[in-house]
Amino acid sequence: MLGATIVNRWFAKDQGLVMGIITASTATGQLVFLPLLAAVIASEGWRAAVWITAIAVAVMIPVVALLLPENPADLDLRPYGATADVPPPPPRANPIVVAFAALGRASKSGGFWLLFASFFVCGASTNGLIGTHLISYCIDHGIPEVQGASLLAAMGIFDLVGTTASGWLSDRYDSRWLLFWYYGLRGLSLLYLPYSGFSLYGLSLFAVFYGLDWIATVPPTLRLTTQIFGKQDAPIVFGWIFAGHQLGAGLTAFEAGALRSLLGDYVTPVLISGTLCIVAALLVLRIGRGRAGEPAAVAA
């Protein structure tokens, strides 16, 4: 949500590309930290990994406080690509009131609920399933935890490429069709995973296809949110949509663990998430079609 605010405030063009780069930085952190933290946990225990993460976060506090200005106007600049001066943001109001007022306006739109549902599936198929359970799934098949973490890191390499490219594409093509392909390919990769044999070739194939759209859904989802709800409301509405992402992640993290304990393997929860992705791929094509005025707003 902070990234969405920064993109809308600082960039008048290439917003999708910038959001893609910001989001892809998650993959960079994944690539840098995951193998290291897995090795530390294996040798020193989980508390040492928590300290490393906490220190890394603390180091960023002075960077943000000292080097990141609030608005372009603070530096006597226009947003990148703007051809005229942009008025400053409105005066700050009670954030709780602002957040729920935006939710009240957005909830009257079918587009909001379709985006919310699709991001619920996004969370269910990324953080909730693969981000939480892939290493355990690998251990079930005799792959040590450090190698499992390295697989996640390798997926981060492909995500860095895929999410940046997704941002570039969302500036040029219909975001609904982009989301259709992202959710569809993610669903197919998850449906393939239990039958990959967990061989080097099978997991490498999964890492490529899944990794390319790990977070690639973010730029087109933000673009659709901005087009439907306007620049002013978009970051807040996107926050509510992202709450759906976290809800899906939390429920699936629990569901996958419970089914693993009950059934003895991860096949069923993986197939459930893969199927949900196929459903989401079909749902996103309906965004902007259920309400008068929305089709034109989301035409790219």
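**Salt bridges across the chain**

R223 is partly exposed, its relative accessible area being 25%. This residue belongs to a predicted model, in which a search of the whole structure finds six salt bridges. Three of these pairs are described below, each with its location in the chain and the accessibility of its partners. As a general point, side chains of opposite charge can pair when their charged atoms come close.

**The pair D171 and R223**
- The side chain of R223 meets that of D171 in a salt bridge, with an N to O distance of 3.7 Å.
- This pair links distant parts of the chain, since D171 sits in the loop between α7 (145–170) and α8 (175–192) whereas R223 is in helix α10, 52 residues apart.
- D171 has a relative accessible area of 19% and is therefore buried, the cut-off being under 20%.

**The pair R260 and D140**
- R260 and D140 form a salt bridge through their side chains, at 2.8 Å from N to O.
- Distant parts of the chain are linked here as well, with R260 in helix α10 (residues 218–263) and D140 in helix α6 (residues 127–140), 120 residues apart.
- R260 is partly exposed at a relative accessible area of 25%, and D140 is likewise partly exposed at 35% relative accessibility.

**The pair R186 and D213**
- A salt bridge joins R186 to D213, whose closest N and O atoms are 3.8 Å apart.
- Because R186 lies in helix α8 and D213 in the loop between α9 (200–212) and α10, the pair ties together parts that are 27 residues apart in sequence.
- R186 is buried, with a relative accessible area of 0%, and D213 also counts as buried, at 4% relative accessibility.

Note on methods. Residues are numbered from 1 along each chain as its sequence is written. This is a predicted model: local features need pLDDT of at least 70, side-chain atom pairs count only at pLDDT 80 or more; totals for chains, interfaces and linings use all residues. Side-chain values use heavy atoms; hydrogens and water are left out. A salt bridge is a side-chain nitrogen of Lys or Arg within 4 Å of a carboxyl oxygen of Asp or Glu. Helices (H or I, at least four residues) and strands (E, at least two) are DSSP runs, numbered from the N terminus. Buried means under 20% relative accessible area, exposed over 50%, partly exposed in between (1.4 Å probe, protein chains only).
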